[in-house]
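Colleague: I have a model open and would like to learn how to read it. Could you walk me through it, one feature at a time?

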Amino acid sequence: MSGQTTTPDIKTPKTDTPEKTGTPKKKVFVKTFGCQMNVYDTERMKDLIKGDYSETDEPDDADLVILNTCHIREKAAEKVYSDLGRLKANKTKRQAEGKATTIAVTGCVAQAEGKEILRRAPVVDLVVGPQSYQNLPKLLDQSQKGERVAAEFDVADKFKALKGNRTITGPSAFVTVQEGCDKFCAFCVVPYTRGAEVSRPVEAIVEEVRALVQHGVREVNLLGQNVNAFHGQGPDGNSWTLARLIRHLAKIDRLDRLRFTTSHPRDMDDDLIAAHGDTPKLMPYLHLPIQSGSDAILKAMNRKHTAAEYRQMIDDLRQARPDIALSSDFIVGFPGESDQDFEDTMQLVRDVTFAMAYSFKYSERPGTPAAEKHDQVPEAVKSERLQRLQALLREQTLAFNHEQIGKTLPVLFEKPGRKPGQMQGRSPYLQSVYVDGPEDLKGEIVDVEITGATLNSLQGHLVR
Ligand code: 5AD
Ligand code: SF4
């Protein structure tokens with residue numbers, strides 16, 4: 001530990017009225033696509049402009065519309081263009097009322113397509129990739145002077161530029177510790193859109209986490225595209241692993257829960273597995289994508305591990321932390337995937353059993369090696385496989401949720417539930433839990449006896 005660190009300028013929403021006088025007159029509407037990294041980036045962008053813009057849920061009311069985009073699958077990228085079509089009508093209508101609208105495309109589509117977006121969608125004023133949004137206020141000024149701007153890829157230290165000034169929205173917060181990916185899975189655009197792996201220095205992370213905790217955060221989810229490849233510089237000058245970082249953060253008082261996402265099996269070292277057993281604050285839930293249960297497909301995907309190695313890793317994790325719940329990502333219909341390859345995936349799912357999982361049809365991404373392959377799987381076959389896999393995964397999620405009935409779980413309460421008098425929190429296994437209870441439960445970890453379960457949530461009552 002490096003002694004006392006200074007607290008960055010972190011604000012809770014209550015004290016969050018802008019430094020300028022009154023509420024900002026201008027309004028921003030933000031739509032976020034894709035992964036947790038984008039959710040985090042959206043929050044940080046809102047922080048950067050909160051002196052000038054307050055948020056609205058209505059694109060019609062917005063002086064500034066930000067689409068924070070995802071490029072990972074074709075569907076996600078195409079959605080952006082259909083949204084831009086709708087926004088064009090908004091912009092024209094507002095123009096007729098004498099109101100200007102700035103439309104910004106940020107995120108991975110912005111990074112991948114850059115100026116092409118300005119050409120294809122004349123309604124767009126500003127294009128900013130995930131490595132450049134720290135300059136958003138300056139870029140907005142530029143664009144509002146009438147210039148259409150595509151921000152250059154900015155290799156300046158984004159993490160440094162974004163230091164401090166975070167708005168806290170609840171007792172659970174994401175903290176980015178690593179960005180980018182060097183794995184080059186054959187299907188994936190991330191190494192091209194988010195660039196090479198960069199880890200934040202340990203002290204900067206500790207400083208941010210301490211400040212969050214001082215403002216009531218009880219759970220931190222360490223975020224990175226390939227988070228377990230973390231190798232940030234420690235206070236001792238050496239490069240630290242994620243396990244070391246976790247054990248270090250676990251010493252912070254009033255920080256009760258730690259999580260991390262997303263991991264690659266190749267970077268799951270023994271020490272990180274052991275940390276699940278020896279660090280009680282590390283929650284017993286791990287998202288560890290495998291993508292396929294077939295060795296031939298894993299090889300073609302350039303995943304650099306076998307199904308047997310993954311199974312062994314899961315055994316080791318369960319040895320270290322018997323109640324650990326697992327989640328994963330799967331792709332069906334990768335080029336060359338045979339019926340047998342797919343059956344191997346189904347068998348792996350049956351053998352491992354997952355509490356939760358995401359599954360996708362393979363989507364050809366321009367510029368990735370897999371897009372060049374000639375043995376693409378027909379759409380109908382992909383659909384049929386996805387349906388079967390999702391049915392199995394749903395069955396496992398439901399079974400896992402049902403297993404909780406009768407148990408008492410510590411729940412971190414985050415916000416009011418959908419019904420009046422209801423509160424929503426998270427179990428250690430990341431399940432949403434609903435109880436009847438007062439609003440001052442927010443930020444508390446309270447035992448809940450689980451009385452009911454569905455595919456998406458648990459219900460229970462407070463034990464206290
Ligand atoms: N097609 C389908 N799914 C993909 N993913 C990444 N790239 C593709 C693609 N081209 C999935 C992987 C990854 C998750 C974030 O998205 O399963 O783990
Ligand atoms: Fe994409 Fe593979 Fe990197 Fe994950 S590990 S971001 S799937 S290249």
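Colleague: Let me start with ligand 1. How far is a polar side-chain atom of Q291 from an oxygen atom of ligand 1?

Modeller: The distance is 2.6 Å, from a polar side-chain atom of Q291 to an oxygen atom of ligand 1. Please keep in mind that this is a predicted model. D329 also places a polar side-chain atom 2.6 Å from an oxygen atom of ligand 1. For R73, an N or O atom of the side chain is 2.8 Å from a ligand 1 oxygen.

Colleague: Which residues are around ligand 1?

Modeller: Besides Q291, D329 and R73, the residues around ligand 1 are I72, F187, I331, F360, K361, Y362, S363 and R365.

Colleague: And which residues are around ligand 2?

Modeller: That list is C181, K183, F184, C185, F187, C188, V190, P191, H264 and R303. By residue class, the shell of ligand 2 has seven nonpolar, one polar and two charged members.

Colleague: Let's zoom out. Into which domains is the protein divided?

Modeller: The assignment gives domain 1 (6-150), domain 2 (168-283), domain 3 (285-400) and domain 4 (408-462). Let's take the first pair. The contact between domain 1 and domain 2 draws 21 residues from domain 1 and 23 residues from domain 2.

Colleague: How much area do domain 1 and domain 2 bury between them?

Modeller: About 1800 Å², with 61% of it on carbon and sulfur atoms. For the polar side of the story, three residue pairs are in polar contact between domain 1 and domain 2, counting those with both residues at pLDDT 80 or more.

Colleague: Which parts of domain 1 supply the side that touches domain 2?

Modeller: Helix 1 (36-49) and helix 3 (108-113) each provide at least two residues of that side. Helix 1 gives the most, with seven residues. Taken by class, the side of domain 1 that touches domain 2 has nine nonpolar, eight polar and four charged residues.

Colleague: How should I think about salt bridges, and how many are there across that interface?

Modeller: The general idea is that side chains of opposite charge can pair when their charged atoms come close. Across the interface of domain 1 and domain 2 the rule finds one salt bridge. In the salt bridge of D41 and R194, the N to O distance is 3.0 Å. In the structure as a whole there are 28 salt bridges.

Colleague: Why are R44 and D47 separated by about one helical turn?

Modeller: Because R44 and D47 are three residues apart in helix 1. Their side chains form a salt bridge, with the closest N and O atoms 3.6 Å apart.

Colleague: Now the backbone. Which residues does a cis peptide bond join?

Modeller: T261 and T262, where omega is about 5 degrees. T262 sits in the loop between strand 11 (257-261) and helix 10 (270-278).

Colleague: And what is the phi of N302?

Modeller: The phi of N302 is positive, about 65 degrees, although N302 is not a glycine. You will find N302 in the loop between helix 11 (295-300) and helix 12 (307-320).

Conventions:
Residues numbered from 1 in each chain as written. Chains lettered and ligands numbered in written order. Predicted model: local features only at pLDDT ≥ 70, side-chain atom pairs only at ≥ 80, totals over all residues. Heavy atoms only, no water. Near = heavy atom within 4 Å. Nonpolar A, V, L, I, M, F, W, Y, C, P; charged D, E, K, R; others polar. Domains from an automatic or database assignment. Contact = heavy atoms within 4.5 Å. Buried area = accessible area lost by both parts, 1.4 Å probe. Salt bridge = Lys/Arg side-chain N within 4 Å of Asp/Glu carboxyl O. Polar contact = N/O pair within 3.5 Å; in protein donor to acceptor, adjacent residues only side chain to side chain. Helix = DSSP H or I, 4+ residues; strand = E, 2+ residues; numbered from the N terminus.
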